[in-house]
Amino acid sequence: MTITVYEKPSGCFGCKKTKELFDAAGVQFTTVDITTNDQALAYITEELGYSQAPVVVYEKDGSEDHWSGLNPTKISQVIALDGK
């Protein structure tokens, strides 16, 4: 499973809490700073259609899902998938 958190590292409560929840569960993820990475910003806004950080993209067994904003329900679902 791969998890990528597209974030604004400064002043983004949802970004911080999303990473804390994954960390607390021992789930590994990669962060991408959308304030310094123009390609990542274009990907989440133009390709995925989001305008709010964080954007979480996860892939497992060829299946991909994503969401925007702090979403504890989706985070819990991904944590459960990581344990399987």
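**Architecture and contacts of the predicted chain**

Val27 sits in the loop between helix 1 and strand 2 (30-33), where helices (H or I, at least four residues) and strands (E, at least two) are DSSP runs numbered from the N terminus. At 3% relative accessibility, Val27 counts as buried; buried means under 20% relative accessible area, exposed over 50%, and partly exposed in between (1.4 Å probe, protein chains only). The C-alpha atoms of Val27 and Ile3 are separated by 8.8 Å, although these residues are 24 residues apart along the chain. The model is predicted, so local features need pLDDT of at least 70 and side-chain atom pairs count only at pLDDT 80 or more, while totals for chains, interfaces and linings use all residues. Residues are numbered from 1 along each chain as its sequence is written, and side-chain values use heavy atoms, with hydrogens and water left out.

Stepping back to the whole chain, three helices and four strands are found. Read along the sequence, they follow the pattern β-α-β-α-β-β-α. The C-alpha trace spans about 35 × 30 × 20 Å along its principal axes. The radius of gyration of the chain is 12 Å, which agrees with the value near 12 Å for a compact globule of 84 residues; this radius is taken over C-alpha atoms, and the globule rule is 2.2 Å times the number of residues to the power 0.38. Of the 84 residues, 32% count as buried.

A disulfide is a covalent bond between the sulfur atoms of two cysteines; here the criterion is a pair of cysteine sulfur atoms within 2.5 Å. The torsion about the S-S bond of Cys12 and Cys15 is about 70°, so the disulfide is right-handed. Both Cys12 and Cys15 are buried. By contrast, Phe13, which lies in helix 1 (residues 13-24), is exposed, with a relative accessible area of 58%. Together with Leu21 and Leu70, Phe13 makes a nonpolar surface patch of about 280 Å². Patches are made of residues with over 30% relative accessible area and no salt bridge, like charges being joined within 9 Å and nonpolar side chains (Val, Leu, Ile, Met, Phe, Trp, Tyr) within 5 Å. Accessible areas come from the Shrake-Rupley method with a 1.4 Å probe, and for residues only the protein chains shown count as cover.

Charged side chains come next. The count comes to three salt bridges, each being a side-chain nitrogen of Lys or Arg within 4 Å of a carboxyl oxygen of Asp or Glu. In one of them, Lys19 pairs with Glu7, the closest N and O atoms being 2.7 Å apart. Lys19 lies in helix 1 and Glu7 in strand 1, so the pair ties together parts that are 12 residues apart in sequence. Lys19 is partly exposed, with a relative accessible area of 22%, whereas Glu7 is buried at 7% relative accessibility. Another salt bridge links the side chains of Lys17 and Glu20 (3.0 Å, N to O). Both of these residues lie in helix 1, three residues apart, about one turn of the helix. Lys17 is partly exposed at 30% relative accessibility, and Glu20 is also partly exposed, at 34%. Lys74 forms a salt bridge with Asp65, with the closest N and O atoms 2.6 Å apart; Asp65 is partly exposed at 24% relative accessibility.

In the pair of Tyr6 and Tyr43, the ring centres are 5.7 Å apart and the planes are at 50°, so the pair is tilted. Rings of Phe, Tyr and Trp (its six-membered ring) pair if their centres lie within 6.5 Å; planes under 30 degrees apart count as stacked, over 60 as edge-to-face and the rest as tilted. Tyr6 lies in strand 1 (residues 2-7) and Tyr43 in helix 2 (residues 38-47), so the pair ties together parts that are 37 residues apart in sequence. Tyr6 counts as buried, at 13% relative accessibility.

A cis peptide bond joins Ala53 and Pro54, with omega about 0°, and Pro54 lies in the loop between helix 2 and strand 3 (55-60). Asp61, in the loop between strand 3 and strand 4 (63-68), has phi near 55°, a positive value in a residue other than glycine. Asp61 is exposed, with a relative accessible area of 72%.
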